[in-house]
Amino acid sequence: MTCSGASAHCLPGLPEKCGTGALACRALDACHEPTAEGGCPTYQTGVLSRIAMAGFLMLACAGVAAADDDGLQRLVRAYPQQFSAADKPNVLRWRDGTETVYDDGVLKTSFEEKLKHASPKDQMSQVYPCGWPPREPGVDEDPGRIRCGALFRRMYGDSAAAVERALVDVAWPAAGPSGKVRFTRINDAARALEAVAKDISALPGDVKRYVAKPIGTFNWRVVAGEERQSPHSHGIAIDFRLPVPLQRYWRWDTKDPDEAPAYPQAVTADERLGKIVEAFERHGFIWGGKWRHYDTMHFEYRPELAGVK
């Protein structure tokens, strides 16, 4: 299906949004009947088209537009060291005055495309569900796995050496009196991890033992089985050796790398693990156990998803 004129991408309109058989034209954020060629009509970017677009956003897509704007604003609020106040639509303004487009306007037709070619908007497209116990995630519901690589490289460093310059030691008392881990100080990530450690130190011993064995923080590498850079590369993730029944990773549990196995719902019945997850979430971390492509050992500093309101 092709679009013409100012319309960059078309997709079949949802009946409740556009009416059966209509097309949603992403560049116009509007719905139209298809042309004889099967694409979107040509529209000029004059006053009438802007009025039509505004009316459509107010009526048919008000919820979607609000959600898009909220995602941009959450990024700005989560990373005040990086971004200035969002004063232009669809633009993230860095502190040095440069700009990054929030929605690249590229229609990704599959979840894998979003993973590989994520825009900032794609990164914010799934809501992370804080709290315990979590519900079973839906198909490809992995809030936090979609990462705009350009954003992370810009914030934390585009090489191992650049990232390492910002790493600091964070005391981790659950691992013993001399326990410590390395984490980036950028975006107050290390400070947030210190706050997590303090909260966990106040928990009973049978809970603290869940995170007594950190098995990885900074490691410049790609995600297992993929070409994307791992969040461990940026010093914002930490893994633990959990008690054996709770230590689950989706790639270990499937023979087909293109299919996620059944979600390990039994893991979410462990209230002690729940106390650990809640401690991390209070300070802007997400837990990989809430992904359909689960990684129960993994915690990641993502304040735009778990830290800001």
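Student: Which loop holds Pro133?
Tutor: This is a predicted model: local features need pLDDT of at least 70, side-chain atom pairs count only at pLDDT 80 or more, and totals for chains, interfaces and linings use all residues. Residues are numbered from 1 along each chain as its sequence is written, and side-chain values use heavy atoms, with hydrogens and water left out. Helices (H or I, at least four residues) and strands (E, at least two) are DSSP runs, numbered from the N terminus. Pro133 belongs to the loop between helix H5 (120-123) and helix H6 (149-156).

Student: What is omega for the peptide bond that joins Trp132 and Pro133?
Tutor: Stay in that loop between H5 and H6, where Pro133 is. The bond joining Trp132 to Pro133 is cis, with omega at about 0°.

Student: Okay, on to Asn187. Is it buried or exposed?
Tutor: Look in the loop between strand S7 (180-184) and H8. Asn187 has a positive phi of about 60°, although it is not a glycine. We call a residue buried under 20% relative accessible area, exposed over 50%, and partly exposed in between (1.4 Å probe, protein chains only). Because its relative accessible area is 4%, Asn187 is buried.

Student: And what is the relative accessible area of Asp188?
Tutor: Asp188 is also in the loop between S7 and H8. Its phi is positive too, near 60°, and it is a residue other than glycine. Asp188 counts as partly exposed because its relative accessible area is 32%.

Student: How far is Phe183 from Asp169 in space, C-alpha to C-alpha?
Tutor: Phe183 is part of strand S7. It counts as buried because its relative accessibility is 0%. Along the sequence, Phe183 and Asp169 are 14 residues apart, and in space their C-alpha atoms are separated by 6.5 Å.

Student: Now the open sheet of 4 strands. What is its strand order?
Tutor: Two strands pair if DSSP finds at least two bridges between them. Here the pairing is antiparallel, and the order reads S8-S9-S11-S10.

Student: Which are the edge strands?
Tutor: An edge strand here pairs on one side only.

Student: By how much are neighbouring strands turned against each other on average?
Tutor: Axes are lines fitted to C-alpha atoms, for helices over the stretch in contact, and angles run from 0 to 180 degrees between N-to-C directions. For this average over neighbouring strands of the sheet, direction is ignored, and the value is 30°.

Student: Which residue of S11 stands opposite Asp239?
Tutor: Strand S9 (residues 237-240) and strand S11 (residues 298-301) run antiparallel and are joined by 3 bridges. Across from Asp239 you'll find His298.

Student: Which helix packs on the sheet with a direction about 150° from that of S10?
Tutor: Contact here means heavy atoms within 4.5 Å. Helix H8 (residues 189-201) packs on the sheet and touches S10 and S11, but its direction makes about 65° with that of S10. The helix that touches S9, S10 and S11, at about 150° to S10, is H10 (residues 271-281).

Student: Which residue of S9 is the bridge partner of Gly216?
Tutor: S8 and S9 pair in the antiparallel sense, with 2 bridges. In S9, Ala237 and Asp239 point one way, Ile238 and Phe240 point the other way, and all are buried. The partner of Gly216 is Asp239.

Student: How far apart in space are Gly274 and Val207, C-alpha to C-alpha?
Tutor: Gly274 is in helix H10. It is buried because its relative accessible area is 1%. Gly274 and Val207 are 67 residues apart in sequence, while in space the distance is 9.3 Å.

Student: Which residues line the largest cavity?
Tutor: On a 1 Å grid over the protein atoms alone, a cavity is a set of points where a 1.4 Å probe fits but cannot get out, a pocket is an open set with protein on both sides within 12 Å along at least five of seven lines, and lining residues have an atom within 4 Å of a point. The whole structure has 1 cavity of 30 Å³ or more. Its lining has 3 nonpolar residues (Ala, Val, Leu, Ile, Met, Phe, Trp, Tyr, Cys and Pro), 3 charged ones (Asp, Glu, Lys and Arg) and no polar ones (the others, Gly among them). The lining residues are Pro129, Arg135, Pro137, Glu141, Pro143 and Lys290.

Student: How much space lies in the second largest pocket?
Tutor: This pocket is lined by 20 residues, and Glu112, Trp250, Pro257, Asp258 and His293 lie nearest its centre. The lining divides into 7 nonpolar, 2 polar and 11 charged residues. A volume is the space filled by probe spheres set on the grid points, which are joined across faces, edges and corners. For the second largest pocket, the space is about 410 Å³.
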